Amino acid sequence: MKSFSRIAVTTAASTLLMAPLVYGADTMVAMLPGKLALDQSQLPADADLERRGATIGRVDIRVDDVFEETQSLAAPYRMVNGLHISTHNETVRQQLLFRPGEPFHRRVLDETERLLRGQRYLNEASVTVVRYNEDNTVDVEVRVHDVWTLSPGFSFGRKGGENNTRLKFEDTNFLGLGKQIGMERSSNVDRTAWRLTYVDPHLLGSWWTLSSAYSSMSDGKEQALALSRPFYALDSRWSANISGSSEDSAISRYSLGKRIERFAMQERQFEFGGGISDGLHDGWTVRYLGGFRYDARAFNTRLDEPDAAIPDDRTVAYPWVGIEMIEDNYLSTRNLDQIGRTEDLYLGRSVRLEAGFASTAFGSTRDAFIVNGALQTGTDLSNERYLIHTLGWRGRLEGGSLADAVLDANSRFYLRQSERSVFFASVAASLTSHLDPEKQLLLGGDNGLRGYPLRYQAGKTNALVTLEERFYSSWQPLKLFNVGAAVFYDAGRAWGQDAYAAAPSGWLQDVGVGLRLGSARSGLGNVLHIDLAMPLDRSNDIDSVQLLIETRKSF
């Protein structure tokens with residue numbers, strides 16, 4: 001383990017690497033250190049190895065440093081490598097879906113790669129067969145690339161005409177053990193808050209995850225604790241979870257981007273459940289789920305706004321059962337939603353259905369039938385064209401009427417025009433019925449309509465269309481940033497009268513340009529967006545140009 005030498009030097013290294021981010025290093029060619037590996041062309045094909053009944057032999061793990069070791073590596077980069085605490089081999093080994101002596105399946109190695117690439121403290125992962133042995137075993141190398149994860153820093157964002165700031169200290173790979181610790185102070189249009197978090201994704205070396213959070217906010221406080229064992233792989237046979245949270249906060253209602261009133265809400269949630277599965281068969285996994293949920297919400301006026309309309313207190317408590325089906329169909333690609341990073345695009349079909357019954361016998365304020373669900377399907381249209389649809393719904397049936405019912409639909413289309421350019425289009429819509437009174441369906445600069453103030457339109461139904469030409473460069477200034485750009489068009493509108501907001505004003509459109517910055521060197525985020533958007537259907541109270549600065553998980 002490498003240690004820190006001086007606090008000042010550590011801060012300098014953090015400053016060098018701080019940036020909202022993507023991972024972007026090329027997958028390296030695997031080679032067992034200290035052993036001569038066969039040329040890849042001489043190894044039996046994966047299908048042939050499976051037919052022979054080959055088993056896993058030696059498993060070697062190689063962790064590459066933040067900056068690639070080269071003779072020309074400048075002093076600041078060598079300093080960062082020297083200060084960085086590398087991910088322990090055992091931290092990587094805990095996440096492998098195979099062990100020595102188990103049958104070789106290429107599918108399992110591919111899924112392990114996807115699992116490792118999903119970790120914030122790694123930017124690339126490869127699992128490669130490097131040797132076939134006379135005893136019908138295969139030696140495997142697992143190679144990952146670290147990023148800098150100890151990140152004190154300050155960030156600023158702006159969207160919908162409102163600023164937000166964050167002062168944060170975070171380590172997403174504490175001491176190279178894969179654990180996450182964080183402390184931050186944030187300020188946005190809703191509140192200022194101090195927040196402490198801790199996540200252990202492999203508690204005591206197991207697949208159990210322990211997570212906790214505590215927040216002290218200007219309008220209340222939050223506490224959360226959860227212990228879970230997820231279906232961590234397609235062939236996982238069981239899952240379990242228990243969680244609880246308590247939050248006191250202020251709820252705001254908006255009209256035309258302006259807050260019109262606030263009231264206090266106390267929310268108490270508790271859940272336990274789990275599932276069983278027979279594993280993966282013929283490319284599908286089926287999981288049977290169940291559990292119990294409790295959600296109690298109490299509302300009060302605030303001293304500064306005594307005339308706000310207050311919802312009735314409400315408790316929804318219910319046992320539920322469900323089923324989930326997932327098709328194993330992934331495609332590895334680059335330069336779609338990330339810049340210079342391997343992406344695992346899901347092109348399969350999946351469905352999740354849940355049904356429950358809330359009863360006064362369980363503490364609910366009224367009886368209700370609960371229905372939740374989600375569908376997804378992806379299609380490879382050939383020639384690097386992809387179409388992905390998602391559909392989700394939730395709601396209650398109370399006394400023969402729908403309550404808090406929401407239907408969300410989204411379609412995304414990708415058309416690769418070259419290695420460095422992609423046309424992207426999306427259509428999203430939401431339909432609601434009798435939303436709970438503390439909720440609004442809002443559309444504005446904070447959720448896709450980039451040329452307008454945040455939370456600008458409110459209604460019972462809305463739709464958003466986005467067209468975007470994306471550009472991905474090979475330029476990497478100072479070895480820190482992967483640079484991209486976008487030209488975009490947004491159009492959206494709301495329908496139906498919100499009980500507290502002005503009537504929707506029809507279709508709103510904007511056009512704009514944006515800069516995208518990603519980094520392979522830090523675990524703080526994914527892609528920094530810097531956008532200039534110009535509304536095409538603005539009234540006099542809307543600025544002619546909107547500046548948006550935010551970090552997102554994708555392009």
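A: A salt bridge here is a side-chain nitrogen of Lys or Arg within 4 Å of a carboxyl oxygen of Asp or Glu. This is a predicted model, where local features need pLDDT of at least 70, side-chain atom pairs count only at pLDDT 80 or more, and totals for chains, interfaces and linings use all residues. Residues are numbered from 1 along each chain as its sequence is written, and side-chain values use heavy atoms, with hydrogens and water left out.

Q: OK, how many salt bridges does the structure hold?
A: There are 51.

Q: Which residue does Glu384 meet in a salt bridge?
A: Arg416, at 2.7 Å, N to O. Glu384 sits in the loop between strand 17 (368–380) and strand 18 (385–398) and Arg416 in strand 19 (residues 401–418), so the pair ties together parts 32 residues apart in sequence. Strands are DSSP runs (E, at least two residues), numbered from the N terminus.

Q: Is Arg416 buried or exposed?
A: Buried, with a relative accessible area of 13%. Buried means under 20% relative accessible area, exposed over 50%, partly exposed in between (1.4 Å probe, protein chains only). Glu384 is partly exposed at 36%.

Q: And what does Arg396 form a salt bridge with?
A: Glu398, with the closest N and O atoms 2.7 Å apart. Arg396 is buried at 9%, and Glu398 is buried at 15%. Both belong to a network of salt bridges that has Asp295 and Lys439 among its members.

Notes
Helix = DSSP H or I, 4+ residues; strand = E, 2+ residues; numbered from the N terminus.
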